[in-house]
Amino acid sequence: MRGIIEILNTTFLNTPLYKIILAFIVLFIFLVFRKIFTLFVLSFFQKLSSKTKTDIDDKFFAAFKNPLRFLFVIAGIWGFFYFLNLKGEFLNHAIRGLLIFDIFWVMYNFVCEFEDWVYHLLGKYGKASRELASFLIKITKAFVVIIGIVAMLQEFGINVTGFIASLGLGGLAFALAAKDTAANLFGGIAILTDNIFKVGEWVKIGNAEGIVEDIGMRTTKIRAFDKRLIVVPNSVIAVSNVENFSRRDRRRVMMKIGLTYSTSVENLNKLLNEIRSYLKNHSLIHKEPLLIYFDEYADSSLNIFCYFFTKTADWEKYLEIKEEINLEIKKTVEKYSSFAFPSNSVYFETPIKVER
C-alpha cells in the first residue's frame with residue numbers, strides 16, 4: 001500500500017501523479033455523462049418533437065443538439081485543468097471563449113435550419129428571387145462567424161478595433177484593393193433586390209448576350225448561344241443597360257411584301273383585306289397594333305408593310321406561328337397577284353430612217 005501511495009505522489013511536470021489520474025477520471029466522467037445525456041435525454045426530446053405536426057420544434061432541437069452535447073466537453077476540460085491546479089486567468093478566458101463559441105454555434109445552426117423558410121418567404125411575399133435568398137443566407141452565416149470570432153478574440157483581451165486601426169497604411173492599401181470587390185458586392189445586391197434578371201433568363205449586357213447561369217457575389221456568368229462562358233463583374237452590370245428578353249410577353253413581326261406592278265387596284269384591296277382578316281382572327285396574334293398597309297412604290301415592286309405581335313415570347317413557338325402566317329400570306333398573294341423580284345426593264349428605241 002505504501003508503495004502505491006509513493007507512486008501516486010510521484011510528481012510529473014511538478015504535478016502529483018494522483019492529480020493527473022484524477023483529472024483524466026473527471027474528463028472521462030463528463031464524457032460518459034455526455035453519452036448518457038445523448039442516449040436518454042436528447043433521444044426522448046427527439047422522439048417527442050417528431051410526433052408533433054409542426055417542424056419548428058424539430059428545427060430548434062437540431063440547432064441545440066450538438067452545442068448542448070459540447071457543454072459536457074467544456075465542463076470536462078474545465079474539470080481536467082482544475083484538478084491539475086492549472087487554474088488562472090488563461091483557463092477562465094479559455095472556458096468563456098469555448099462558451100462563446102458554443103453560443104454562436106447555436107446561432108449558426110439556426111440560420112442553417114431555417115434557411116428554407118427564408119427561401120419560401122422571399123419567394124412568396126416579394127419579387128426577390130431564390131438567388132437573393134441564397135445571397136442573404138450566405139451573408140448572415142458570414143456575419144455570425146465573424147462576430148463570433150471577434151467576441152472570442154475580445155475575451156482573450158485582443159482589441160480587434162485597435163488592431164485594424166493599427167494597420168495604418170497597410171489597412172489603407174487593403175481598403176483600396178478591396179474597392180472593386182465591394183463595388184461588385186453591392187452590384188450583386190442591386191441585381192438581386194431590383195430583380196433585374198434571374199438564372200435561366202436570356203439577357204444582353206453590352207456585348208454579352210446569352211442565358212444567365214449563375215449570379216455570384218462578385219460576378220455573373222452568362223452562357224452565350226455559341227456555348228462560350230462570359231463572366232461579367234456585377235459592378236459593370238449595375239451601371240449598364242440590361243436587356244432582358246425573357247421578361248417580354250410577346251414578339252414582334254415586321255416585314256415587307258413586294259407585289260408586281262401589274263397587280264390591279266381591285267386585287268390589291270382584296271389581298272390587303274384578306275390578310276388583315278386572317279390576322280385579326282388568329283388566336284395567337286395581338287389585335288393591337290396590327291398594321292397591314294400598302295406602303296410604297298419601290299423600284300420594282302408595290303410594297304405592303306406588315307407590323308404585328310405574337311402572343312408568345314417563346315422563340316420556337318414564335319417561329320412556328322411566323323411560318324404558318326408566311327405560308328398563308330403566300331397563298332393569298334398567289335391568289336390575287338404575284339411576288340415581285342428586283343428587275344430592270346430595258347427599252348430599245350428603233351431609229352427613224354429619213355429618206356433623202
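Which strands does helix H12 lie across, and at about what angle does H12 run to S8? Select residues 315–336 to find out. This is H12, and it lies across S8 and S10. Its angle to S8 is about 20 degrees. Keep in mind that the model is predicted.

**Whole chain**

Zoom out. The chain has 356 residues, and 30% of them are buried. DSSP runs give 12 helices and 10 strands. Among contacts with a separation of 6 or more, 63% join residues 24 or more positions apart. The accessible surface is about 23800 Å², with 63% of that on carbon and sulfur atoms.

**The three-stranded sheet**

Select S8, S9 and S10. They form an open sheet in the order S8-S10-S9, paired antiparallel. S8 and S9 (291–297) are the edge strands; each has a single partner, so one side of each lacks a neighbour in the sheet. From one strand to the next, the twist averages 20 degrees.

Now keep S8 and S10 (residues 302–310). Nine bridges join this antiparallel pair.

**Arg251**

Select Arg251, in strand S8 (residues 251–259). Is Arg251 buried or exposed? Its relative accessible area is 9%; buried means under 20%, so Arg251 counts as buried.

Show its surroundings. Leaving out residues up to four places away in sequence, Arg251 touches Trp202, Phe308, Phe309, Thr310, Thr312, Ala313, Asp314, Trp315 and Tyr318. One of these, Thr310, is the bridge partner of Arg251 in S10.

**Helix H3**

Move to residues 56–83. This is helix H3, with 28 residues. At 1.5 Å a residue it should span 40 Å, and its end C-alpha atoms lie 41 Å apart, which agrees.

Where is the kink in H3? Centre on Lys65: the kink there is about 35 degrees, shortly before the proline Pro67.

Colour the buried residues of H3. They include Lys59, Phe61, Pro67, Arg69, Phe70 and Phe80. Two glycines, Gly76 and Gly79, are also among them.

Last stop: Asn85, which follows H3. The phi of Asn85 is positive, near 60 degrees.

Definitions and conventions
Residues are numbered from 1 along each chain as its sequence is written. This is a predicted model: local features need pLDDT of at least 70, side-chain atom pairs count only at pLDDT 80 or more; totals for chains, interfaces and linings use all residues. Side-chain values use heavy atoms; hydrogens and water are left out. Helices (H or I, at least four residues) and strands (E, at least two) are DSSP runs, numbered from the N terminus. The expected span of a helix is 1.5 Å times one less than its number of residues. The bend at a residue is the angle between axes fitted to the seven residues ending there and the seven starting there. Buried means under 20% relative accessible area, exposed over 50%, partly exposed in between (1.4 Å probe, protein chains only). Contact means heavy atoms within 4.5 Å. Two strands pair if DSSP finds at least two bridges between them. Axes are lines fitted to C-alpha atoms, for helices over the stretch in contact, and angles run from 0 to 180 degrees between N-to-C directions. Accessible areas come from the Shrake-Rupley method with a 1.4 Å probe; for residues, only the protein chains shown count as cover.
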